[in-house]
Amino acid sequence: MSKTIFSQIMDFIPKYKFDKCVERYNGNYRTRNFKCWDQFLCMSFAQLSYRESLRDIDACLNAQPNKLYHMGIKGNVSISNLSRANENRDWHIYADFVQVLISKARALYNNSDLLLDIENTIYALDSTTIDLCLSLFPWAKFRKNKAAIKLHTLLDLRGSIPSFIEITTGLIHDVNILDVLIPEPGSYYIMDRGYLDYERLYRLEQAKAFFIIRAKKN
């Protein structure tokens, strides 16, 4: 049987570097039937095919069990295996690996034309609030009867690739992300007025970075 389209897409993933991330955090310790690579392939398939739940992933993949091997999935795909892997595997494995993929993707857009006479990197910084169920996520309390998290994203406008992502509770103000952001000298940062804090912006100036921000009316 020839390769599936999914396995051809996954050929672009540097598995050697993924294995290094797994090894760094001992991700496959005492794991027999469902390795980190199997988990990654299953969740990648879920993302690409718009699966909506673990049951949906399990039903879809096991509808053609003979083709799983040709997709690169050698472990036993089941709801329980997916659930345990997602709950117990060290998230740092995937946090480190996504930085590998981001670096690989950004390199493809180094020469993209932004229709501006600027060679330096231009970033857009913003956040998105994602509503959650308070009974399921009590640690993310946002309002009296509501939970939420914030997804803070630094977007490289060449290729629209996120180069930095931070997840916080919904109560964290946007401007606090400037405390964990490592400025890149010579780069431009575009932000809305929610990030206006002169002391924090001065750190960007000291790091030889530039920023564009709207002033508050008051």
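Which residues are buried in helix H2 (residues 15-24)? Some notes from going through this one; keep in mind that the model is predicted.

1. To take that question head-on: Phe-18, Cys-21 and Val-22 are the buried ones in H2. They span an arc of only 100° around the axis, so they sit on the same side of the helix.

2. What covers the buried residues of H2? Helices H3 and H6 are included in that cover, and these two also pack against each other.

3. On that pair: packed helices are described by the angle and the distance between their axes. For H3 (residues 36-48) and H6 (residues 92-108), the angle is about 65° and the axes are 12 Å apart. The two are therefore roughly perpendicular, with the cut-off for that label running from 65 to 115 degrees. As for handedness, H3 passes H6 in a right-handed crossing.

4. Who makes the contact? From H3 it's Cys-36, Gln-39 and Phe-40, while H6 brings in Ile-93, Tyr-94 and Phe-97. By type, the residues of this contact split into five nonpolar and one polar, with no charged ones.

Key. Residues are numbered from 1 along each chain as its sequence is written. This is a predicted model: local features need pLDDT of at least 70, side-chain atom pairs count only at pLDDT 80 or more; totals for chains, interfaces and linings use all residues. Side-chain values use heavy atoms; hydrogens and water are left out. Axes are lines fitted to C-alpha atoms, for helices over the stretch in contact, and angles run from 0 to 180 degrees between N-to-C directions. Helices (H or I, at least four residues) and strands (E, at least two) are DSSP runs, numbered from the N terminus. Angles under 35 degrees count as roughly parallel, over 145 as roughly antiparallel, 65 to 115 as roughly perpendicular and the rest as oblique. A crossing is left-handed if the near helix is turned anticlockwise from the far one by less than a right angle, and right-handed if clockwise. Contact means heavy atoms within 4.5 Å. Ala, Val, Leu, Ile, Met, Phe, Trp, Tyr, Cys and Pro count as nonpolar, Asp, Glu, Lys and Arg as charged, and the others, Gly among them, as polar. Buried means under 20% relative accessible area, exposed over 50%, partly exposed in between (1.4 Å probe, protein chains only). The arc is that of the directions from the helix axis to the C-beta atoms.
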